[in-house]
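Please look over the sequence and the structure before reading on.

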Amino acid sequence: RIVFVNGEFVPYEEARISIMDRGFLFGDGIYEVAAVLGGRLVDNDAHLARLVRCLGEIGIENPYPVAEWAQLEEELVKRNGLVEGLVYMEVTRGVWERDFPFPPADVKPTVVMFTQEKSITGSKLAETGAKVITVPDLRWKRRDIKSVALLAQVLAKQEAAKAGVSEAWMVEDGYVTEGGSSTAFIITKDGRIVTRPLSNAILPGITRQAVMHLAEEQGLTLEERLFTVEEALDAAEAFYTSASAFVMPTVEMDGKPIADGKPGPLTRRLRALYLDMAQ
Ligand code: PDD
């Protein structure tokens, strides 16, 4: 397995970063996850645009122009012979003696990339549908930044794992914000596809954006608004989206079935459209 660390492709066993890395000490960094299908990156321009925006939001200098990022990712995919799975990328504020304010400007960011094999298109879960639980959203107020400080999500998703379900939908003031690592959607009984509007309260999902675009092309009705847990339980269909799950039908919430407890027809159609687009 070959990984990328600070400008070099090295075997995983040889990859090293400092204990003084600010990603390790402070969670002071951002990350991206993009899917690979048939050896090709899915919707990668959008992922790289978000990476660049997030770096700007926290004042880390972007170490590579977008075209070079893409080349490095492609090289990594090739070196690992990855056909289907994920590319993980992380940039931290670099290595410096532990101190909260930013280090001197000449301290270079740390860059790490690795691949993970994963069958996304052949997901068994997508056939039967995923179960979710709801948990309080314990995160900070800049969830639009894809920060590596993921403790709230780790705790949320551990609750889900303990409950034997796939995802935790996080809730604030009675409204679903998003999944621990995905965007939450419901479809109302009159066929409206509902998801929360973009704001600092959620991550702007790349898969969300693509699915909304596909839905629009199909003439389906989209509604960007907040929705409650009760509304989700009463929905005709539900699903969540992410680079690692694409469109995942959601059939049970807090132990109660959503509609008939099977993946809904519109959700299945959106998944098929997304797979078509991605392949
Ligand atoms: N997570 N919301 C949160 C909090 C996320 O962490 C993610 C992605 C999404 C979906 O975004 P996208 O469609 O761009 O993947 C929404 C990645 C997959 C992860 O942390 O592994």
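## The shell around the ligand

The residues of the shell around the ligand divide into four nonpolar, eight polar and two charged. In this division Ala, Val, Leu, Ile, Met, Phe, Trp, Tyr, Cys and Pro count as nonpolar, Asp, Glu, Lys and Arg as charged, and the others, Gly among them, as polar. The ligand is surrounded by 14 residues, and the closest are Ser181, Gly205, Ile206, Thr207 and Ala243.

Two or more residues of the shell come from each of helix 6 and strand 13 (237-242). Helix 6 gives the most, with three residues.

## Basis of the model

The model is predicted; local features need pLDDT of at least 70, side-chain atom pairs count only at pLDDT 80 or more, and totals for chains, interfaces and linings use all residues. Residues are numbered from 1 along each chain as its sequence is written.

## The chain as a whole

The secondary structure comes to eight helices and 15 strands. Helices (H or I, at least four residues) and strands (E, at least two) are DSSP runs, numbered from the N terminus.

The chain has a radius of gyration of 19 Å, which agrees with the value near 19 Å for a compact globule of 279 residues. This radius is taken over C-alpha atoms, and the globule rule is 2.2 Å times the number of residues to the power 0.38. Along the principal axes, the C-alpha atoms fill a box of roughly 55 × 40 × 35 Å.

Of the 279 residues, 39% are buried. A residue is buried if 20 or more other C-beta atoms lie within 10 Å of its own, exposed if 12 or fewer, and partly exposed in between, with C-beta atoms placed from the backbone. Among contacts with a separation of 6 or more, 70% join residues 24 or more positions apart. Two residues are in contact if their C-beta atoms, placed from the backbone, lie within 7 Å.

## Helix 6 against helix 8

Helix 6 (residues 206-217) also meets helix 8 (residues 265-278): their axes come within 10 Å and cross at roughly 110°. The two helices are therefore roughly perpendicular to each other. Helix 6 brings Ala210, Val211, Leu214 and Ala215 to the contact, and helix 8 brings Leu270, Leu273, Tyr274 and Met277. These residues divide into eight nonpolar, no polar and no charged.

The axes are lines fitted to C-alpha atoms, for helices over the stretch in contact, and angles run from 0 to 180 degrees between N-to-C directions. Angles under 35 degrees count as roughly parallel, over 145 as roughly antiparallel, 65 to 115 as roughly perpendicular and the rest as oblique.

## Two residues with positive phi

Aspartate 173 is not a glycine, yet its phi is positive, at about 55°. Aspartate 173 lies in the loop between strand 8 (167-172) and strand 9 (175-179). Aspartate 173 counts as exposed because it has 8 other C-beta atoms within 10 Å.

Phenylalanine 246, also a residue other than glycine, has a positive phi near 55°. Phenylalanine 246 belongs to strand 14 (residues 246-253). With 26 other C-beta atoms within 10 Å, phenylalanine 246 is buried.

## Residues in helices

Alanine 160 sits in helix 5 (residues 151-162). Alanine 160 has 22 C-beta neighbours inside 10 Å, so it counts as buried. Leaving out residues up to four places away in sequence, alanine 160 touches Ile133, Val165, Ser166, Glu167, Ala168 and Gly180.

Alanine 49 is part of helix 2 (residues 44-58). Alanine 49 is partly exposed, with 13 other C-beta atoms within 10 Å.

## Residues in strands

Is threonine 110 buried or exposed? Threonine 110 is buried, because 23 other C-beta atoms lie within 10 Å. Threonine 110 is in strand 6 (residues 110-117). Apart from residues up to four places away in sequence, threonine 110 touches Asn6, Ile17, Asp21, Gly23, Val91, Thr92, Gly94 and Val95.

Valine 10 is in strand 2 (residues 8-11). Valine 10 has 13 C-beta neighbours inside 10 Å and so counts as partly exposed. Valine 10 touches Ile2, Val3, Val5 and Ala15, not counting residues up to four places away in sequence. The C-alpha atoms of valine 10 and tryptophan 169 are separated by 37 Å, and the two are 159 residues apart along the chain.

Definitions and conventions
A residue is near a molecule or strand if its C-beta atom, placed from the backbone, lies within 6 Å of it.
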